[in-house]
Amino acid sequence: MQRILLVVVVLLIIWRILASIGRRLSEKAPGADSFSRFSPEARRRRQQARGEARTMEELVECIACGTFVPAGRSLTDGDSRAFAAKTAVIRCACRQSMGETDPRTQLIAVGERLAAAGLVRESEGNISIRLGDSGCVVTSTGSDLGRLDSSDLIEVVIEATTIPFGASSEVQLHLELYRLRPDVGAIVHAHPPRLLQLDAEGKLPIWRRLEDRGKMLGSVVAVPYHAEGTLALAQATAGALRSTKACVLQKHGAVTVGPSLMSAFVRMLDLERAAGLTGKRS
Ligand SMILES: [Zn+2]
């Protein structure tokens, strides 16, 4: 009897060890992006929140805040906080008006919020928003994102071969991304402090640490170091963001994209939060 008990206890211990190794491996897997990698509890809660939307393909991104909400149906309950139009462009019940206000007003407002959140200081970082079919508005070189005014916002043609005078030193990065990703409506580049700390330790933020919001952030990729403002950095960043929405520029900062400026901004906040949680627990 005692032997049987001993065998059961040993088997239980081995099972626990294997399960924890499995968990760690899936957390570290690059591009870990599928639902199967979430814990059963997180998956259950997500499924509950989504109602009958069973796969990510049935979810669309709110143009105002970047939250994923089920497509093609209306929701009124408090938990789901969403209503959705029939197809892709939707807004959840965040009631953010960002997606509709003038692009320049959005840039000024988001610049202020980036500075207030400590994600940029003084002349750090740059942001842009797509304008019509062929252009974008980008912040000027050396501008203080926390105190932008309309003279700091420069209109650039996306296919431009020469860079307009005064545009951000990273304007090429913005243009490369808009060329490569027609779905990208806005770009945020910032220097989040906890993310920079994590990067200095050679680690990437683990998006899964954000639980539900982690799915909105998606997988985070690293862009090897290139000097600031170079075409090499622009191309490496655009390449890295081919199929994700957030990347870490090694020894430099981060870039996030979204269908709207607000969603790219929220993603940057989430990236910094994920960096904080990763640093704490690793
Ligand atoms: Zn920078």
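In this predicted model, the buried residues of helix 4 are Val-171, Gln-172, Leu-173, His-174, Leu-175, Glu-176, Leu-177 and Tyr-178. Helix 4 is largely enclosed by the rest of the structure, because 8 of its 10 residues are buried. The protein as a whole contains 8 helices and 9 strands, and 41% of its 282 residues count as buried.

- Helix 4 lies across strand 3, strand 4, strand 5, strand 6 and strand 9.
- The direction of helix 4 is at about 150° to that of strand 4, which spans residues 135-139.

- An open sheet is built from 7 strands in the order 5-4-3-6-9-8-7, with mixed pairing.
- Strand 5 (153-157) and strand 7 are the edge strands, and each of them pairs on one side only.
- From one strand to the next, the twist averages 20°.

- Strand 6 pairs with strand 3 (residues 126-131) in the antiparallel sense, over 4 bridges.
- Within this pairing, Ile-129 stands opposite Ala-186, and Val-188 is the bridge partner of Ile-127.
- Strand 6 is also joined to strand 9 (residues 253-258) by 5 bridges, and these two strands run antiparallel.
- Ala-190 stands opposite Ala-254 of strand 9.
- Strand 6 is mostly covered, with 5 of its 5 residues buried.
- In a regular strand, side chains alternate between the two faces of the sheet.
- On one side of strand 6 are Ala-186, Val-188 and Ala-190, on the other are Ile-187 and His-189, and all of these residues are buried.

**Helix 7**

- Helix 7 packs on the sheet, where it touches strand 7, strand 8 and strand 9.
- The direction of helix 7 makes about 160° with that of strand 7.
- Leu-233, Ala-236, Thr-237 and Ala-238 are buried in helix 7, which covers residues 231-240.
- The elements that cover these buried residues include helix 4 (171-180), strand 7 (220-223), strand 8 and strand 9.

- In soluble globular proteins, nonpolar side chains tend to be buried together.
- The largest nonpolar core here has 57 residues, of which Ala-254 and Phe-265 touch the most other members.
- Helix 8 (residues 261-281) supplies the largest share of this core, 10 residues.
- Leaving aside neighbours within four places in sequence, Ala-254 is in contact with Ala-190, Pro-192, Leu-195, Ala-246, Cys-247, Val-248, Leu-249, Met-268 and Leu-271.
- Of the contacts in the protein with a separation of 6 or more, 61% are between residues 24 or more positions apart.

- Most residues other than glycine have a negative phi.
- Glu-122 is not a glycine, yet it has a positive phi of about 45°.
- Glu-122 is located in the loop between helix 3 (103-116) and strand 3.
- Glu-122 counts as exposed because it has 12 C-beta neighbours inside 10 Å, and a residue with 12 or fewer falls in that class.
- Lys-251, likewise not a glycine, has a positive phi of about 60°.
- Lys-251 is placed in the loop between strand 8 (246-249) and strand 9.
- With 12 other C-beta atoms within 10 Å, Lys-251 is exposed.

**Confidence of the prediction**

- The average pLDDT of the protein is 78, and 69% of the residues score at least 70.
- Confidence is highest in strand 6 (residues 186-190), at a mean of 97, and lowest in helix 2 (residues 40-50), at 58.
- Over residues 51-57 the pLDDT stays under 50, and the model has 5 contacts beyond four places in sequence for this stretch.
- The pLDDT is also below 50 over residues 72-90, a stretch with 31 contacts in the model beyond near neighbours in sequence.
- Where pLDDT is low, the predicted coordinates should not be read in detail.

Key. Residues numbered from 1 in each chain as written. Predicted model: local features only at pLDDT ≥ 70, side-chain atom pairs only at ≥ 80, totals over all residues. pLDDT = per-residue confidence, 0-100. Contact = placed C-beta atoms within 7 Å. Buried ≥ 20, exposed ≤ 12 C-beta atoms within 10 Å, placed from the backbone. Pairing = 2+ DSSP bridges. Axes fitted to C-alpha atoms, helices over the stretch in contact; angles between N-to-C directions. Core = buried A, V, L, I, M, F, W, Y, C linked by C-beta atoms within 7 Å.
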